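Colleague: I'm new to reading structures like this one. Could you walk me through a few features?

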Amino acid sequence: MVPVLCYLFILLGVSWYVGTLQKGRSFVTEYFLADRSLGGFVLGMTLIATFTSASSFLGGPGVAYSTGLSWVLLAMIQVPTGFFTLGILGKKFAVISRRINSVTVTDFLYQRYRSNAVVIGSSIAIIAFFIAMMVAQFKGGAVLFESLTGFSYEVGLIIFGLVVVFYTAIGGFRAVVLTDAIQAVVMVIATVTILITVLLKGGGSTALVDVIAAENPLMLDANATARPTILSYWVLVGIGLLGLPQNTVRAMSYKDTDSLHKAMIYGTVVVGFLMLGMHLAGFYAQGVLEGVPANSDAVIPMTVMQLLPGFWSGLFLAGPLAAIMSTVSSLLILASAAICKDLILHFHPRKSPSDSNIRAISIAATAVIGALTFLFALDPPNLIVWINLFAMGGLEAAFFWPTVLGLFWKRANATGALCSMIGGVGTYVAMGQFGINIMGINNVCFGLLAGLVCFIIGSLATKKPDKEVLLTFFGEEA
Amino acid sequence: MKDYKAKDFQALNKQLKKEAIYTCILYALFFIWWYATAYGFADAPQRVWGLPLWFFLSCIVGWLFCCVGVTLLVKCCFRDVDLNAYNIEEIPDTSEKAGEEL
């Protein structure tokens with residue numbers, strides 16, 4: 001308990017310090033984009049801390065516990081996504097967002113498509129899906145807190161929920177990314193701790209695997225998870241992540257290309273370690289855990305409780321808590337930017353960019369969304385992983401093509417982008433709603449396919465983008 | 001609107017397209033390694049640290065492969081670019097200066 005409280009205080013301290021730095025800069029760029037100043041280490045760590053969430057620390061390893069190594073194989077699909085996102089979008093986004101002075105992804109989409117309908121569609125998608133994802137993360141965090149400290153769900157939620165909302169509201173994007181970097185380090189320490197603990201307890205890797213294989217040989221089978229399912233994860237947690245606003249916004253926020261190059265390397269090394277380490281720990285837990293966990297999310301907390309003495313289990317708790325808080329803070333600041341920058345400031349521009357109103361609105365928007373999410377989480381919906389994946393697929397269906405084709409296809413226009421958002425999300429949600437599933441392939445693949453078809457038809461059926469837009473984005477008119 | 005840097009910006013876009021393609025190639029290579037080793041060696045009886053060979057090759061070696069690959073990618077294929085050199089707001093200023101020089 002003590003280590004966790006100290007840790008939360010450190011995070012608040014960082015945010016407080018960052019808040020005092022805000023004076024005298026362009027507030028919006030500072031609060032929502034840290035003045036485009038991230039270095040390589042911070043950029044790499046914030047990118048992976050954002051997509052390393054409750055499901056990578058609790059849900060995923062829990063499934064690896066019951067399914068075996070084929071689920072670890074699935075988790076490793078996420079290893080190259082960090083460099084993939086930055087390598088494809090990183091520089092182009094950085095140059096263009098400076099060229100048009102955009103602060104959010106929606107901002108970028110507006111400049112590219114010059115359409116208020118796109119602004120509204122993308123803001124709604126961000127706000128709705130992000131709140132759903134945050135509720136799921138909050139729930140994961142509070143359940144974890146409950147199981148490890150004995151405090152009630154509500155107390156857990158209040159303690160760490162308030163901390164994350166508070167530090168995000170005060171410190172803005174800069175506090176989010178700095179705390180992300182700290183949290184990534186904490187996650188690495190937690191992963192090392194649990195992996196070593198499980199291996200020591202089980203008498204080493206070879207002995208553990210033998211025990212597990214004797215019990216259930218399927219645990220070692222690569223084909224234990226159906227191949228179409230596992231392959232469709234290459235879209236859901238692989239290529240599709242290219243479209244997520246919480247990833248792409250980071251491509252606007254770094255300082256120079258050297259930072260980008262370093263971030264690609266650091267990110268790949270660290271995310272690979274986290275995914276491999278945590279999921280393997282979940283798999284190995286099959287050989288050492290006594291008793292049957294209530295659900296897959298309980299596997300890791302139970303293992304920690306059984307194997308680690310009090311102080312160390314408190315230190316470990318900081319790991320998944322860090323994964324959750326870093327994801328929530330990143331979503332929260334973007335949801336706030338969607339309301340404040342993309343809806344309020346876009347439709348009611350202020351004369352001066354240092355207007356003190358803007359500061360008040362931004363901080364208030366962050367606090368209000370945080371409080372709202374907190375209230376939803378008090379009466380929580382079930383199945384962390386499911387909600388999380390549903391929201392993620394929806395975001396991918398909404399943003400993938402408008403972002404990627406907007407950057408690389410000159411002919412892309414507003415009609416195409418709108419059709420793609422509506423067609424993609426519509427297909428994805430409808431299939432989920434009616435329980436349609438083809439060969440175990442994740443529905444996001446069909447959502448993206450529908451989005452692509454709608455985009456191309458919509459764009460080709462209507463006229464080319466304006467000359468001015470083409471000059472801004474491609475440096476040429478046709 | 002006369003954009004005196006249009007040529008530079010087009011050249012930059014070409015370079016960035018190249019970098020995007022190289023990134024896709026590395027991504028595809030990782031996918032092939034991941035798939036081929038996981039399912040190609042699925043029935044191999046050998047074990048490394050108790051773990052089946054397919055797992056060792058696909059997940060552990062695959063991760064290392066990815067780390068080396070991305071390091072080579074940014075060292076050999078990626079170029080440093082001045083991110084601020086293409087800002088549009090600077091265009092009117094510089095065209096005036098160009099006029100003075102003439």
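Colleague: Okay, here's a spot to begin with: which residues does A:Thr268 touch, not counting residues up to four places away in sequence?

Modeller: First, some ground rules. This is a predicted model, where local features need pLDDT of at least 70 and side-chain atom pairs count only at pLDDT 80 or more, while totals for chains, interfaces and linings use all residues. Residues are numbered from 1 along each chain as its sequence is written, chains are lettered from A and ligands numbered from 1 in the order in which they are written, and side-chain values use heavy atoms, with hydrogens and water left out. Now, contact means heavy atoms within 4.5 Å. By that rule A:Thr268 touches A:Val79 and A:Phe83, plus B:Trp63, B:Cys66, B:Cys67 and B:Val70 from chain B.

Colleague: Is A:Thr268 buried or exposed?

Modeller: Buried means under 20% relative accessible area, exposed over 50%, and partly exposed in between (1.4 Å probe, protein chains only). A:Thr268 comes out at 1%, so it counts as buried. It lies in helix H13 of chain A; helices (H or I, at least four residues) and strands (E, at least two) are DSSP runs, numbered from the N terminus.

Colleague: Where does A:His279 lie?

Modeller: A:His279 is in helix H13 too, which spans residues 257–288 of chain A. It is buried, with a relative accessible area of 3%. A polar atom of its side chain lies 2.9 Å from the backbone oxygen of A:Met275. Leaving aside neighbours within four places in sequence, the contacts of A:His279 include A:Ser56, A:Gly60, A:Trp71 and A:Ala75.

Colleague: How do I read the interface between the two chains, and what area is buried between chain A and chain B?

Modeller: The size of an interface is often given as the accessible area lost when the parts come together. Buried area is that loss (1.4 Å probe), summed over both parts. Between chain A and chain B it is about 4,700 Å², and carbon and sulfur atoms give 73% of that. A:Leu73, A:Arg99 and A:Trp234 supply 15% of the area that chain A buries against chain B, more than any other three residues. In terms of residues, 58 from chain A and 47 from chain B take part in the contact.

Colleague: And how many helices and strands does chain B have?

Modeller: Chain B has three helices and two strands, and from the N terminus on they run α-β-β-α-α. Of its 102 residues, 44% count as buried.

Notes
A polar contact is a pair of N or O atoms within 3.5 Å; within protein, one must be able to donate a hydrogen and the other to accept it, and residues adjacent in sequence count only if both atoms are side-chain atoms.
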